[in-house]
Amino acid sequence: MSKTPCFHCGLDASAAEITFDDKPFCCNGCKTVYEIFSVNDLTCYYDLQASAGAKPSDIEGKYNFLDNAKIVESILDFNDNTTQIATLYIPHIHCSSCIWILENLNKLNPAISASIVNFGKKTVRVTYNCNNITIKQLVKLLGSIGYEPFISLDDYSVGKKNVDRSLIYKLGVAGFAFGNVMFLSFPEYFQVTGFWIETYAPVFRWLMFSFSLPVVFYSAQDYFISAYKGLRSKILNIDVPISLGVIVLFVRSTAEIILNLGTGFFDSLTGLIFFLLLGKFFQQKTYNFLSFERDYKSYFPIGITKLYNDGKEESVQVYDIVKGDRLLIRNEELIPVDCILINGKARIDYSFVTGESEAVSKKSGDKLFAGGKQLNGSIEVDVLKTVEQSYLTQLWSNDVFNKNKEDGFTTLTNAISKKFTIAVLSIAFIATGYWLFVDSSKALNVFTAVLIIACPCAIALAAPFTFGNLLRIFGKLKFYAKNASVIEQLAAINTIIFDKTGTITANKETSVMYEGSNLSNNEESLLRSTLRNSNHPLSRSLYSLLDQHNIVTLDTYEEHIGKGIEAKHNQDTIKIGSAPFVGATAETATLNTAVYVSTNSKYKGRFTFYNKYRKGLSKLFNKLKKHYDLVILSGDNAGEQENLTKLLPAKTKLFFNQKPEDKLEYIKHHQKSGAKVLMIGDGLNDAGALAQSNVGIAISENVNIFSPACDAILDASKFNQLYDFIKASKSAIKIIKWSFLLSFFYNSIGLYFAVTGQLAPVIAAILMPLSSISIVVFTTVSTNFLGRKLQKKKAY
Amino acid sequence: MSVIYILLTISIIVAIGFFVAFIIAVRNGQFDDSYTPSVRMLFEDELVKEKTEKTILTKND
């Protein structure tokens, strides 16, 4: 059977047999999207990138909350009652076709006047006339072409956020001044005496002075602030010698031109700050489309349906829900508050909250916790607590979420800067002392020259360029770190803690094992035919795992909710479901999820579902065990314990039934005894542990959609490369140490000139950029080499 | 040689002109998204092609 990819989305379309315009489609949804595009002359979409689309999902009723004017107002960027502008986050944006179709929305609906895509952020900013199209219709239109926007509680009142562009401004100012000062200082480099230079030098010097003013007082202000903060908390961070250098450079240069002693070091001053800011800018690699700060708000819906006594439905904002309200939770909707089930069959998926993979059934009168997802039709619930007071959201009131991890961590640069600052100051004082005896007129000159030339520009650049470049390389390999300090901390860890469900197991895949007496051919075909009729998730997954058999027409079929299914064909009856339902005895009980089967009232056996572990798990653990303590903290029951002990190295510690707070406490406890913990998790239930750990990595099957707050996001397909990433981080630390050596070498040359009192501006102007540039080249080349090695590993 | 004052003034005015252009560009958000425009500029051709096709169609009608 050959596979024909769907013309729209690229999934296998051979089974569906839907053709339109001689093109195969996997489902009617994809066909409809194609029809929409072809009617509107937008089939160019498929020329840009084949099979670029996504299946449109059924969103009937899902966006009813957009009828609520208050909610709409909070989402919109701009609204003057005819023109509205909304920025919508669309996770599916992934290729040039997406940009093209979303920027041509006006062809699908003339009420849309403009739409602009930001590919990096995966957003589209739509301007439309709200008299002709409402935001709800707009969202539905996007949904119908496979670009369903994602609107969560996070969007509430977020729209007016300002972008921080101050670093670009500062860099621009410094670069502008650097270029101009360089050009103005040229005449004096080449001609020291003469009528011309004596007449015009003051003009050039004062111009350079005025160009350096904005650099010192605007571009460099972050360094002064950081140095001041460091000194106040008695830490000699790298910004202390930098600020000292900048101040001395500026004061001495100004004094020189006022007293007409020389041209000053304005070129070195502006160049220094320009290079430093460049390093900062380079390090600031941000993944706009990823969010590392997600809390429950990104998961929660923005609006929910409230029911009134007279049966009226209304969409309300989640924050407006009060105790005692009656809510309607539709299929696939998230329960936003703690509540009591009143009506309907609830099957709640708590995997976000607890990590438990199995959905649980609840009956009327049971308590439901916020964060669960309803899987089976709609239910009615009575609210017990408001959003902020619900069980899940209380986790976020824990102190760990307000702590900044970087605060408690001494970076390599700052560690070295302490010794460096002390050394430089002692050299400066010794040299000054010496010159006071020999030639006191030179003493001040030498003192300032030492501080100028020792300004640790190269040291300050080593880490940003190494980590910045590695951050980019990691990003290409689908390991997205939040910032440079994450890489540095990753190199220092000694304990690795894994979550189980979704982290070391693959989310969607399960393997199934049959235990019991063999089923005859007839029985197997009956089993499969029966399962085919059921929509229960377990039936669906079991059905897809069974071998092909003839499908027979059933005489009777009955589904007993919460128990199992029963069917009859000719003389045979079959019962599939829980142990008591099919009449299995208690001795067969297992902690794992199992489906029991009996035919003609005789118990036959059970299908047990096992987690499927990620590829290369065992290999990864064996590599890691030599260097790290390995722990597994699972929110799940101990059903997989036996399986895991077989699979993993013997000294791996296994803990089951761990609540989110337990995980957090476990990490805290071990950190107190000196462990540097790397936590790897996936769900909201790990959020506390990820925040508490030294480095928290979230594993994600789809990096665009869900991940809890963390320091780094690792694409699930790269899970087995985890060790390589840690090793690369360690090599990065080595590269930085080598760069330090290199910059000490330059510093000693410079110090020779400074101590002997021969530091001319032109030497400083050559030495400073030379050392900075060679550090940048060295770190870039060596990290690229590292990256090459990483990429090669991928091939195996 | 006093012409140097004029030359300096001109050069600084030109430099400041570019600097102001840079500030305006940043303020307009041109540095916020450095990827999409690079793709967008390649689209113009397709749009033009399509429009001409459409006009031909309407003429035939």
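This is a predicted model: local features need pLDDT of at least 70, side-chain atom pairs count only at pLDDT 80 or more; totals for chains, interfaces and linings use all residues.
Me: Which residues meet where α8(A) packs on α10(A)?

Reply: From α8(A) you have Arg205(A), Trp206(A), Phe209(A), Ser212(A) and Val216(A), and they meet Val246(A), Phe250(A), Thr254(A) and Ile257(A) of α10(A). Sorted by type, that contact has six nonpolar residues, two polar and one charged.

Me: What makes Arg205(A) the charged one in that contact?

Reply: Arg counts as charged, along with Asp, Glu and Lys. Arg205(A) is on the α8(A) side, and the tally has one charged residue.

Me: Which residues touch the most other members of the largest nonpolar core?

Reply: Ile273(A), Val450(A), Ile453(A), Leu461(A) and Ala712(A), out of 117 residues in that core. Helix α17 (residues 457-476) of chain A gives the largest share, twelve residues. A second, separate core has 63 residues, among them Trp100(A) and Cys339(A).

Me: What does Ala712(A) contact, leaving aside neighbours within four places in sequence?

Reply: Its contacts include Phe479(A), Tyr480(A), Val486(A), Val695(A) and Ile697(A). To count as a contact, C-beta atoms must lie within 7 Å.

Me: How many helices and strands are there in chain B?

Reply: Three helices and zero strands, running α-α-α from the N terminus on. Of its 61 residues, 0% are buried. Being buried takes 20 or more other C-beta atoms within 10 Å.

Technical notes. Residues are numbered from 1 along each chain as its sequence is written. Chains are lettered from A and ligands numbered from 1 in the order in which they are written. Two residues are in contact if their C-beta atoms, placed from the backbone, lie within 7 Å. Helices (H or I, at least four residues) and strands (E, at least two) are DSSP runs, numbered from the N terminus. A nonpolar core is a set of buried Ala, Val, Leu, Ile, Met, Phe, Trp, Tyr and Cys residues joined through C-beta atoms within 7 Å. A residue is buried if 20 or more other C-beta atoms lie within 10 Å of its own, exposed if 12 or fewer, and partly exposed in between; C-beta atoms are placed from the backbone.
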